[in-house]
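Welcome! Please take a look at the sequence and the 3D structure shown here, and keep them at hand while you read.

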Amino acid sequence: MDKIEKQQHYNNLYGYYQNLFTSKQQEIFENYNFDDLSLAEIAENHDISRNAVFDTLKKVEKALDTYEEKLNLYKKDQKLNFLLDEVAKYTTKDGLDIINQIKEME
């Protein structure tokens, strides 16, 4: 998995599990992945070492993998969306409205 694929993978998982992390872990993850800040910039902003930022990111990534391994929320959501898209091919306008309501619930 290259760097872009890895980042996309963790960003997807983070969308499901972000509330399981402390606010500090969330800030560091978001600074790195969404704000595109370097480890040094994040360390300076949070008054911690660059190594502490790196360790936090690795802990969050490991936790995301563990949560997904145990709960499979992302995998189940992907499967549900695939099946809803398949059903949408064979349904009426009213059925499409219901499918869209289901997708909006997620």
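The report below walks through helices, loops and a few individual residues.

## Before we start

A friendly reminder: this is a predicted model. Every value in this report was computed from the predicted model.

## Where H2 meets H3

Let's begin with a pair of helices. Helix H2 covers residues 23-33 and helix H3 covers residues 39-46. The two pack at an angle of about 145°, and their axes are 10 Å apart. The crossing in which H2 passes H3 is right-handed.

Which residues in H2 and H3 meet? From H2 come Lys 24, Glu 27, Ile 28, Asn 31 and Tyr 32, while H3 brings Leu 39, Ile 42 and His 46. By type, the residues of this contact divide into 4 nonpolar, 2 polar and 2 charged.

H2 also has a set of buried residues: Gln 26, Ile 28, Phe 29, Asn 31 and Asn 33. These buried residues pack against H3, and against H1 and H4 as well.

## His 46, a residue of H3

His 46 lies in helix H3. Is His 46 buried or exposed? Its relative accessible area is 14%, so His 46 is buried, given that buried means under 20%.

Leaving aside neighbours within four places in sequence, His 46 is in contact with Lys 24, Glu 27, Ile 28 and Asn 31. Take Glu 27 as an example: His 46 and Glu 27 are 19 residues apart in sequence, and their C-alpha atoms are 9.3 Å apart in space.

## The loop between H2 and H3

Asp 36 has its place in the loop between H2 and H3. With 65% relative accessibility, Asp 36 counts as exposed, because exposed means over 50%. Not counting residues up to four places away in sequence, Asp 36 touches Asn 31 and Glu 41.

Most residues other than glycine have a negative phi. Asp 47 has a positive value, with phi near 55°, and Asn 72 likewise has a positive phi near 55°.

Where are Asp 47 and Asn 72 found? Asp 47 is in the loop between H3 and helix H4 (50-71), and Asn 72 is in the loop between H4 and H5. Asp 47 is exposed, with a relative accessible area of 71%, whereas Asn 72, at 25% relative accessibility, counts as partly exposed.

## Helix H5 and its two sides

Helix H5 runs over residues 73-88, 16 residues in total. From its first C-alpha to its last it reaches 22 Å, close to the 22 Å expected at 1.5 Å a residue.

Which residues of H5 are buried? They are Asp 77, Asn 81 and Leu 84. Seen down the axis of H5, the buried residues fall within an arc of 65°, so they line one face of the helix. An α-helix has 3.6 residues a turn, so residues three or four places apart point the same way.

The other side of H5 has Lys 75 and Lys 76, which are exposed. The cover over the buried residues of H5 includes helix H1 (3-17) and helix H6 (93-105).

Asn 12 lies in helix H1 and, at 23% relative accessibility, counts as partly exposed. Although Asn 12 and Leu 64 are 52 residues apart in sequence, they are 9.7 Å apart in space, C-alpha to C-alpha.

Tyr 16 lies in helix H1 as well. Tyr 16 is partly exposed, with a relative accessible area of 32%. The C-alpha atoms of Tyr 16 and Glu 68 are separated by 8.9 Å, and the two residues are 52 apart along the chain. Setting aside neighbours within four places in sequence, Tyr 16 is in contact with Leu 73, Tyr 74 and Asp 77. Asp 77 is one of the buried residues of H5.

Key: Residues are numbered from 1 along each chain as its sequence is written. This is a predicted model: local features need pLDDT of at least 70, side-chain atom pairs count only at pLDDT 80 or more; totals for chains, interfaces and linings use all residues. Side-chain values use heavy atoms; hydrogens and water are left out. Axes are lines fitted to C-alpha atoms, for helices over the stretch in contact, and angles run from 0 to 180 degrees between N-to-C directions. Helices (H or I, at least four residues) and strands (E, at least two) are DSSP runs, numbered from the N terminus. A crossing is left-handed if the near helix is turned anticlockwise from the far one by less than a right angle, and right-handed if clockwise. Contact means heavy atoms within 4.5 Å. Ala, Val, Leu, Ile, Met, Phe, Trp, Tyr, Cys and Pro count as nonpolar, Asp, Glu, Lys and Arg as charged, and the others, Gly among them, as polar. The expected span of a helix is 1.5 Å times one less than its number of residues. Buried means under 20% relative accessible area, exposed over 50%, partly exposed in between (1.4 Å probe, protein chains only). The arc is that of the directions from the helix axis to the C-beta atoms.
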